[in-house]
Amino acid sequence: MLPTLLSPASLEACFARDYTGAQVRFRHACDRHEHSVYHEFVYSQNGPDNHKLLTATCRLGAPDAKRLLVLQSATHGVEGFAGSAIQIDCLDLLHQYKLPNGIAVLMIHALNPYGFAWLRRVNETGIDLNRNFIDFTRPLPVNTGYAELADALLPADPQAMAQADAKLAEARHTLGQTAYELAVSGGQYTFADGLFYGGQAASQSRLYLEEIFQQHNLARCEQVAVLDIHTGLGPYGYGELICDHPPGSVGAHWAREVYGPSVTEPALGTSTSVPKLGLVDYYWQEQLGDRVSFVTLEFGTYSVAEMFNVLRRDHILHRSPVDWTAPETQQVKAAIRKFFYPEQPDWQEMILLRGRQVIRQALQGLQELK
Ligand SMILES: [Zn+2]
């Protein structure tokens with residue numbers, strides 16, 4: 001019999017069962033490095049197991065390195081299993097293979113720890129962090145497409161689900177799949193308990209990210225490659241590199257040079273993702289301009305239709321205070337966890353191997369920079 005690509009033990013070492021397990025593994029993997037710099041950003045809420053929630057950072061390499069690779073996980077909470085595993089795997093690999101001179105690695109573990117722990121895509125205030133990076137001093141964007149579908153997406157009476165589904169199916173038919181996805185998932189700033197809600201102000205995680213940026217003096221870097229790891233869009237196990245830099249820009253060009261033709265661009269319609277408002281990406285671009293190349297490493301699981309369904313059920317559940325141990329809660333949580341984290345060895349193998357490939361390409365790109 002042929003062996004598996006990665007041993008069951010190495011999968012087991014990287015993939016945790018829950019947020020707390022992931023945080024502990026990340027901390028240990030960081031501590032095993034003699035010169036790592038570890039830092040925690042604590043939140044006021046706890047997880048369902050009553051453990052504290054935190055975004056942790058770990059930096060390896062020279063403190064004055066001007067070229068930096070950033071690995072970010074759990075921007076969308078429940079999607080954090082894959083990103084956390086890739087970060088832990090990378091920390092372990094960097095024992096064996098030293099970082100090239102002048103290059104540092106910064107890991108941002110669990111940018112949205114609440115969502116990771118409570119198995120939600122959104123944060124403690126219902127905000128989708130990847131719609132939260134807009135300029136809140138200006139009038140908020142208006143998404144009329146979402147407003148028209150809001151009642152059908154999250155019906156006030158859960159018994160009326162069949163009727164709501166029929167309305168959504170009709171909208172999808174009339175608008176076409178892309179326009180429908182744009183309306184539903186492009187981002188909205190009106191319905192606080194709704195899907196893909198960007199908030200009314202900067203979230204705690206955004207403020208922490210801004211602090212991390214200052215703490216590590218990232219403005220001084222000459223080139224930063226960011227990999228933000230997500231799950232839920234695209235073919236099962238496939239790791240798509242989504243680039244939301246403007247088409248033709250230096251950042252988009254760098255991504256293509258370094259990662260090759262597997263890079264896709266929502267603005268050109270070549271991605272499984274549609275263009276979106278308020279992405280974390282825009283913050284990095286605003287801060288570093290042409291000196292950053294930010295790509296989302298998105299791992300596929302199941303269908304978009306299924307994703308909307310698990311998210312709708314989760315949002316309906318969280319309209320009232322949640323009893324974590326109630327059977328209904330556990331059912332909804334098992335479904336959302338399985339959607340964003342299939343937890344099968346074949347899927348896990350694909351995640352770690354693609355992660356290693358992309359990290360190697362990024363480090364090589366930084367090293368070869370003229
Ligand atoms: Zn995501």
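Tutor: Start with a definition: two residues are in contact if their C-beta atoms, placed from the backbone, lie within 7 Å. Keep in mind that this is a predicted model.

Student: Which residues of α13 does α9 meet?

Tutor: Helix α9 covers residues 250-259 and helix α13 covers residues 345-368. On the α9 side, the contact is made by Glu257, Val258 and Tyr259. By class, this contact has four nonpolar, two polar and one charged residues. The partners in α13 are Val358, Gln361, Ala362 and Gly365.

Student: How are α9 and α13 oriented to each other?

Tutor: Their axes are 9 Å apart and pack at an angle of about 115°. α9 passes α13 in a right-handed crossing. Angles of 65 to 115 degrees count as roughly perpendicular, and α9 and α13 are therefore roughly perpendicular.

Student: And how are α2 and α3 oriented to each other?

Tutor: The axes of α2 (residues 19-31) and α3 (residues 80-96) come within 9 Å and cross at roughly 15°. The crossing is left-handed. Angles under 35 degrees count as roughly parallel, so α2 and α3 are roughly parallel.

Student: What classes of residue make up the contact of α2 with α3?

Tutor: α2 contributes residues including Tyr19, Arg25 and Phe26, and α3 contributes residues including Gln87, Leu91 and Asp92. By class, the contact divides into seven nonpolar, three polar and two charged.

Student: How many Å separate the centres of domain 1 and domain 2?

Tutor: Domain 1 is 8-139 + 192-368, and domain 2 is 144-185. Nine residues of domain 1 are in contact with nine residues of domain 2. Taken over C-alpha atoms, the separation of the centres is 28 Å.

Methods
Residues numbered from 1 in each chain as written. Predicted model: local features only at pLDDT ≥ 70, side-chain atom pairs only at ≥ 80, totals over all residues. Axes fitted to C-alpha atoms, helices over the stretch in contact; angles between N-to-C directions. Helix = DSSP H or I, 4+ residues; strand = E, 2+ residues; numbered from the N terminus. Parallel < 35°, antiparallel > 145°, perpendicular 65-115°, else oblique. Left-handed = near helix turned anticlockwise from the far one by under 90°. Nonpolar A, V, L, I, M, F, W, Y, C, P; charged D, E, K, R; others polar. Domains from an automatic or database assignment.
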